[in-house]
Amino acid sequence: MKKFTTWTSVAAPFDASNIDTNQLCPTRFNKVARGPDYAKVLLHDLRFDITGTHKTDYFLNTPPYDKAGIFVADRNFGCGSSRESAVYALEAFGVRSIIAVSFGEIFFTNCLKNSILPVALSEEACAEIRRQLHAKPGAEITVDLARQVVRDVEGKEHHFDLHPLRKRCLLDGLDDISLTFQYEKLMQSFEAGYNAEFPWLIKPENQPPASTPKA
Amino acid sequence: MADIAGKPPQTLVDKVWNRHKITDVEGEYLLYTDYLLMHEGARHAFDSLPETGRTIRRPRQVLACADHYVQTKNRAAGFGAIEDAAVRGMLERFERNATSYGLPYYGSDHPQQGIMHVVAPELGLTQPGLLIVGADSHSTTHGAFGCLAFGVGASDALHVLATQALWMRKPKVMKVSVEGKLSPHVAAKDVVLTVIERIGNEGGIGHIIEYAGSAVRAMAMGERMTLCNMAVEAGALSGYVAPDQVTFDYLKGRDYAPKGEDLDKAMAYWKTLASDPGAVYAREVTIKAEDIAPSVTWGTGLHQTLPINGVVPDPAGLADGEARAEAQSAIEYMGLKAGQPLTSIEVDKVFIGSCTNGRIEDLRAAAAVAALGKAKVPAWVVPGSMTVKRQAEAEGLDKVFIEAGFEWREAGCSLCTALNGEHLAEYERCAATSNRNFKGRMGRNGRTHILSPAMAAAAAITGHLTDIRSLAK
C-alpha cells in the first residue's frame, strides 16, 4: 500500500449530506478494471450529461476544483453499497483525503485500505472549512497524519482521531495481508481450537462441494 | 450487574466476537471468518489475489453466487445469448475465477442459484454464532440467524480469501425493540423503514443493531432477514436477532446444517448466544408495533419514509436549513409536489424481488394481492433464488402472477442493482420491494419508491401507490 504522511491540496466543498457510493461510482461502472479510467467515473452522472458530454456547470469539472485532492463534506459520506470502485474513482481523480462529519462504515474502511485518509471532524469544523473554501475557491488545506491534524485555509488546526493500527499501516504503507501473516502461528492455534469445539462446521458433508473448471 | 461467577453480562455481539478473536493489536481485532460470500462484482478481489503471492486459504468456505449480473429471462440460452459483452464478460470471469480456485459455485445454470443472501440461508450455511463476511453491503441479512455478518469491500474480501480472517474495530451495540402486535397488513419491511425513519439513515453508524421485542420474536425467518438486510440502510455495521426455536426449526434438515448428534451439540451452543439479562447497550430504542403503518419512501434516502396515507412533505415547513435543502433536492429528483398525497403518485413499473424481499413469504404476500386484479403497469416478479422459484411454482403462485399480468422471471438481483442490463429508463418511476431509493440506483435518473411486497403488488394493480388496507379489507 502507498504510504500516507501529509497531504496538501486544493479542497472541494460538498455541502450536501448522504453522498452515497452509487453517486461516487454509478453501478454500471463497477465492471471497469482498476486504473486511470476510473477518473472519469467519479461522480459521473453529475459531471457528464446523458450523451457523455462534460458538464461545464458542475463545479468539479472546472478550475480550480478539477484538481481537488481533498473533499470536505457533511454527514454520512460514502453511505450505501460496499463497492470499492467508489474509492478507485476518488483515487484516479487524485483525491487522497476526505473530511466529513460521518462516513458510511464500509466506505470508511475501504478508504483506509487504499491509502485514502477519511477524517471525521465535528459538524462545526466541517461547516467552517467549507465556508472558508467557498470564500476562497481553490484554497489549499493540509492533512497531517502523524500529528493527526487538519490545517484549514486560515491556518487553524483541527485534531482528528484515528485507530492506532490504521495510522501505523498508513504511515508505513503496510497492507493488511502482510500484517496478518505476522500472526500465522496464532491463526493456526486458533483454528485448531475452533475446529475442535465446532467439528461439524468443517465436516466435508457440511460444506458445499468444490467446483471444477468447465470444459 | 454480574452473574454469580462475577462475569459481567454480555451481548450476543460480545459472545460471538470473543469466540472469533484470534488476537487484538492496538485496539483492532483479527477475527476468524466462517464464511465469505462473493458475487460477480468481487472481480477486484480476484484480480489482486495473484499479486499477494497467496492463494485461497479455505476455498470450501467461500461461497461464489452469481446474482448481480445474471439474466432473469431466457437464461437457458446460455452466456452466448447475452448481447452486452461487458455483462457476459463479468459472468464468464466469475465462473473462471470460482471454478479455477475450486470454490463452491452457484452459477447461472445451478438449480440452487440465487442471490447470495437468499442462497446461504437456504443451504443451511448461515447458522447462529458464526462470523460471515460478504463482498456486498447487504450481508447484514445473515444476522437474522444470530450470527455476526458484515459487508466489506474488495480489499477486505481479498484479505479473507488469503487469510480466512478480518481486521475490525469493535462496534457498539444498539438495541431496537419492537413491542406489541403488528397491525394487519403491516410487514417486516414497514417495520424496518419505520426504524430507519426514527433513528435516521446514519443513526446506526458505529453500531450493530440488536432487533428485539415481542413483534420481532413473532416474526418468521424471512421477515427477520428483511429487518437485518436493511440495518445497513440505518448506517449500522450489521443487525441481528437472537436465535430461538424459529431459527432452529428453519435450520433443521437443510443441506449443510449440522445433523444428528452434531445438531444436538450445535443447539446446545446456539442456545447460549442470546444477550444476557442485564447486558448493557450503547443505545436503546423502543417502538410500539401498533404505531407502525404500511409505509413507503418518497425521497432519495431511506429515512425519507412516511405512512402511505401521508403527503409529500413541504420543505418550506422544515426549520433546519440542511433538512430543507435535502428534502427540496429529493422532491425535485423524484418529480413530486409538496403536499401531494402519496397515494396519488402514479408508477410506471413495479419490481418485486431482491435480497430484501425475494423470499417465498414475500411472493405469497404479493400474490395474494395480485389475485385481486390485473397489472396496469409492467410488473416484474424476480424470485430471490431458483429454490424460491420452484417453491412458488409448486404453490401455484406463478400462475396467480401470470394470470394477473405480472412477469414471472428467473432468480437474481435484477432491477435492484441494475447491472445485468435491466434498469429503469430515465425518469421512470418504480414501486420496488428492494432496499435503496438512492439517486440513479435503478438506472440514471430513475425514481424508486421502496415498499413491502403486498404494497408493491397493490401499486401494480392500481397503477399508483396504494394503501394496502383499502384494497385488502
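## Helix α14 of chain B

Two residues are in contact if their C-beta atoms, placed from the backbone, lie within 7 Å. The model discussed here is predicted. In chain B, helix α14 spans residues 386-394. Its buried residues are B:Met386, B:Thr387, B:Val388, B:Lys389 and B:Ala392. The cover over these buried residues includes three helices of chain B: α4 (116-123), α13 (360-370) and α15 (397-403).

Just after α14(B) comes B:Gly396. The phi of B:Gly396 is positive, at about 80 degrees.

## The loop residue B:Ala220

B:Ala220 sits in a chain B loop, with α7 (214-217) on one side and α8 (221-229) on the other. Is B:Ala220 buried, exposed or partly exposed? B:Ala220 has 16 other C-beta atoms within 10 Å, so this residue is partly exposed. Burial would need 20 or more, and exposure 12 or fewer.

Leaving out residues up to four places away in sequence, B:Ala220 touches B:Val246 and B:Glu361. B:Thr247 is 27 residues from B:Ala220 in sequence. In space, the C-alpha atoms of B:Ala220 and B:Thr247 are 8.3 Å apart.

## Where chains A and B meet

The contact between the chains involves 51 residues of chain A and 66 residues of chain B. On chain A, several helices each supply at least two residues to the side that touches chain B: α1 (21-24), α5 (105-112), α7 (164-172), α8 (176-180) and α9 (184-197).

What is the make-up of that side of chain A by class? There are 19 nonpolar, 20 polar and 12 charged residues on the side touching chain B.

Key. Residues numbered from 1 in each chain as written. Chains lettered and ligands numbered in written order. Predicted model: local features only at pLDDT ≥ 70, side-chain atom pairs only at ≥ 80, totals over all residues. Helix = DSSP H or I, 4+ residues; strand = E, 2+ residues; numbered from the N terminus. Nonpolar A, V, L, I, M, F, W, Y, C, P; charged D, E, K, R; others polar.
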